[in-house]
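Here is a short briefing to read alongside the model. Keep the 3D view open and follow the residues as they come up.

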Amino acid sequence: MRTNLYIDGHWRPGSGSVSVYDPSDGSVITEIQTAGEKDCDAAVMAAFNALPKWSKTAPRYRAEILRSAYEIMISEVDFLAELISRENGKVVTDAKGEILYAAEFFRWFSEETVRVEGDFRKAPSGDKRILVTRQPIGVSLLITPWNFPAGMATRKIAPAIGAGCTVILKPAIETPLTAMAIVDILERAGVPKGVVNLVTPTPAGPMVSQMLHDPRVMNLSFTGSTEVGRILLKEASDRVIRCSMELGGNAPFVVLDDANIDEAVKGLMVAKMRNGGAACTAANRIYVHKGISKEFTEKFAKAMSGLKMAPGREAGAQLGASVSIKERNKIAELVELSVKTGAIVETGGIMPDGPGAFYPPTVLTVDKSNEILKYEVFGPVAPIVTFESDEEVIKLANESDFGLISYVYSGELGRAIRIAEAIDSGMVAINRGMISDPAAPFGGNKQSGLGREGGFDGIHEFLQTKYIGVDI
Ligand code: ADP
C-alpha cells in the first residue's frame with residue numbers, strides 16, 4: 001500500500017503525517033505522509049518541467065498509456081474495491097462499481113485522446129484561411145473529494161494527461177490511499193516522471209492557495225462542495241486561470257401519477273442509496289404525486305428498512321458507514337432539523353450505538369417548506385413531498401440554487417421529456433436511478449458547477465483553442 005507523496009516520479013516522504021481511519025470501526029488503517037509548502041512547490045516544479053516534452057508526445061503514445069492504466073485497474077478491481085471500502089466506509093459492491101466506472105475514464109479518454117478535432121476553413125471574405133487548433137492548457141491542479149476517491153481522480157487525470165497537460169493531484173485527506181493506488185497504477189502503465197504528481201497538503205487551504213498563485217499553474221479542476229468551490233474560484237480569479245467546478249447538488253426525484261410505482265421505488269433505491277447517499281447526484285428531494293404517494297411511500301419505506309447496514313466489507317452489507325463521525329453527525333443534525341420543522345419519520349432516524357460512523361436508512365414525509373429540502377444531505381435520508389400538478393412540481397424542483405441532476409419517472413415519455421426540459425439542471429434521468437457514464441457529459445447548472453467532465457466535452461476542459469489566421 002502506497003502512503004507517500006509522489007513527486008517527479010518518486011515516492012517520497014513529505015513534511016508530516018496523519019492517520020487514515022476505517023470509519024466502520026474508527027481504527028487506524030495506516031499513516032500517510034502529508035505535504036508542506038516545499039513539497040507542493042516541488043510538485044509544481046516537476047509538473048512544469050515535464051510539460052514541454054509531454055505536451056509534444058504523440059496522442060497515440062498518451063492514449064496507449066491510458067489504455068494500459070485501464071487494463072491494470074480492471075485486473076486489480078478486488079484489491080482496489082477493498083481499499084476504497086476501508087478508507088471510505090462504502091460497501092464493497094459499491095466500491096467495485098466505482099472502480100469499473102473509474103477505470104472506464106481511462107479507456108474512454110484513451111479513445112478521445114486520438115480524436116481531438118481541429119478546423120481549417122476559408123474565411124467568408126476569402127482573404128485568409130482560418131486554422132483552429134487545440135493545445136493543452138498546461139499544469140493542472142486536480143482536487144478531489146472523499147465520496148468517489150477513484151472515480152473523481154480518473155475523471156480528471158485521464159482527460160488531463162490525454163490532452164497533454166501535466167498534473168498535481170490533491171485527494172481528500174480522508175481517502176488518500178485510493179488516490180495513491182491510482183497513481184501507482186499510472187506509474188506502472190508508463191506515465192513518465194513529473195507528468196502526474198500527488199500531494200496531500202494539510203491543511204489544504206493555504207497550500208492550494210499557494211499553488212493557485214504560482215505562475216506555473218494554469219488550470220484548476222475541482223470536485224467538492226459549492227462552499228469550497230466558491231473560495232477557489234475567488235483564488236483562481238487573481239491569475240484568471242481556467243476552472244472546471246463540479247460542486248454540490250440537491251437532486252429532485254419526481255414521480256408522476258402515471259409512473260410505474262415499483263420501478264420508481266427501485267430507481268429511487270439506486271438514486272438515493274448508491275454510495276450510501278454520499279453522492280452529489282443522490283436524490284435528495286423526493287416529489288411524489290399525491291394520488292400515488294401513500295402506496296409509493298409504504299413500498300419505499302419497506303425497501304429502505306430492509307437494507308442491511310453493516311461494515312462495508314461484511315458479507316451482504318448494503319449500507320456501510322459514512323466517511324467520518326463528523327459527516328455522520330451532519331446527517332443526524334439535518335434529520336433533527338427536519339423533524340423540528342414538521343417531518344414525520346416513516347422509518348429510521350435513530351442513530352445506532354457502538355463504534356463506526358453509521359446512520360440508518362431514513363424516510364421522512366415532509367411538506368414543501370421543510371428545512372431539510374434546502375440542504376444537500378450526504379447520507380441515506382429521503383424526504384418525501386407530495387405535489388398535485390406538473391406545473392407545481394417543475395416549480396418545486398427549480399426552487400434550489402443547485403442544478404446538477406434531476407430524476408423523472410413517468411409512463412409517458414413525452415411528458416417526462418417536457419418536464420426534463422423545464423427543470424434547470426445539467427443532467428436529467430428519465431425512468432432510471434443512475435445515468436453517470438464516462439461517455440456522457442457530467443456537470444451542473446446554477447451553483448452546481450462550471451464545465452462538464454466525461455463525454456466529448458471532458459478533454460476540452462484541459463485544452464485551449466488557438467486560432468491561426470493564414471494569409472493566402
Ligand atoms: P466534501 O463536502 O465533499 O468534503 P469539500 O469541498 O470540503 O467537499 O472537499 C473537497 C476537496 O476540497 C477535498 O480534497 C478537500 O481537502 C479540499 N478542500 C477543502 N477545503 C479547502 C480549501 N479551503 N482550499 C482548498 N481545498 C480545500
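The structure, a predicted model, holds 33 salt bridges, each being a side-chain nitrogen of Lys or Arg within 4 Å of a carboxyl oxygen of Asp or Glu. Side chains of opposite charge can pair when their charged atoms come close. Residues are numbered from 1 along each chain as its sequence is written. Because the model is predicted, local features need pLDDT of at least 70 and side-chain atom pairs count only at pLDDT 80 or more, while totals for chains, interfaces and linings use all residues; side-chain values use heavy atoms, with hydrogens and water left out.

**Salt bridges**

- Glu82 pairs with Arg313, with 3.9 Å between the closest N and O atoms. Glu82 lies in helix H3 and Arg313 in the loop between helix H10 (293–305) and helix H11 (325–340), so this pair ties together parts that are 231 residues apart in sequence. Helices (H or I, at least four residues) and strands (E, at least two) are DSSP runs, numbered from the N terminus.
- Glu82 is partly exposed at 41% relative accessible area, and Arg313 is partly exposed at 34%. The scale runs from buried (under 20% relative accessible area) through partly exposed to exposed (over 50%), using a 1.4 Å probe and protein chains only.
- Glu98 and Lys90 form a salt bridge with their closest N and O atoms 2.5 Å apart, and both residues are buried.
- Lys395 meets Glu399 in a salt bridge at 3.4 Å, N to O. Lys395 counts as exposed at 56% relative accessibility, whereas Glu399 is partly exposed at 47%.

- The protein is divided into domain 1 (5–247 + 448–470) and domain 2 (251–437), with bounds that come from an automatic or database domain assignment. Their C-alpha centres lie 30 Å apart.
- In all, 26 residues of domain 1 are in contact with 31 residues of domain 2, where contact means heavy atoms within 4.5 Å.
- About 2100 Å² is buried between the domains, and carbon and sulfur atoms give 56% of it. Buried area here is the accessible area (1.4 Å probe) that two parts lose on being put together, summed over both.
- The rule finds 2 salt bridges across this interface. Arg313 also forms a salt bridge with Asp22, the closest N and O atoms being 3.4 Å apart.
- On the side of domain 1 that touches domain 2, helix H3 (77–88) and helix H4 (92–113) are the elements that give two or more residues. H3 gives the most, with 5 residues.

**Ser85 in helix H3**

- Ser85 sits in helix H3 and is buried, with a relative accessible area of 1%.
- The side chain of Ser85 reaches the backbone oxygen of Lys90 at 2.7 Å.
- Leaving aside residues up to four places away in sequence, Ser85 touches Lys90, Val91, Val92, Ala95, Gly312 and Arg313.

**Nonpolar cores**

- Which residues touch the most other members of the largest nonpolar core? They are Met73, Phe106, Ile157, Ile161, Leu186 and Val196, out of 59 residues. Such a core is a set of buried Ala, Val, Leu, Ile, Met, Phe, Trp, Tyr and Cys residues joined through side-chain atoms within 4.5 Å.
- Another core, of 32 residues, lies apart from the largest one, and Phe253, Ala259, Ala271 and Phe296 are among its members.

Notes
A polar contact is a pair of N or O atoms within 3.5 Å; within protein, one must be able to donate a hydrogen and the other to accept it, and residues adjacent in sequence count only if both atoms are side-chain atoms.
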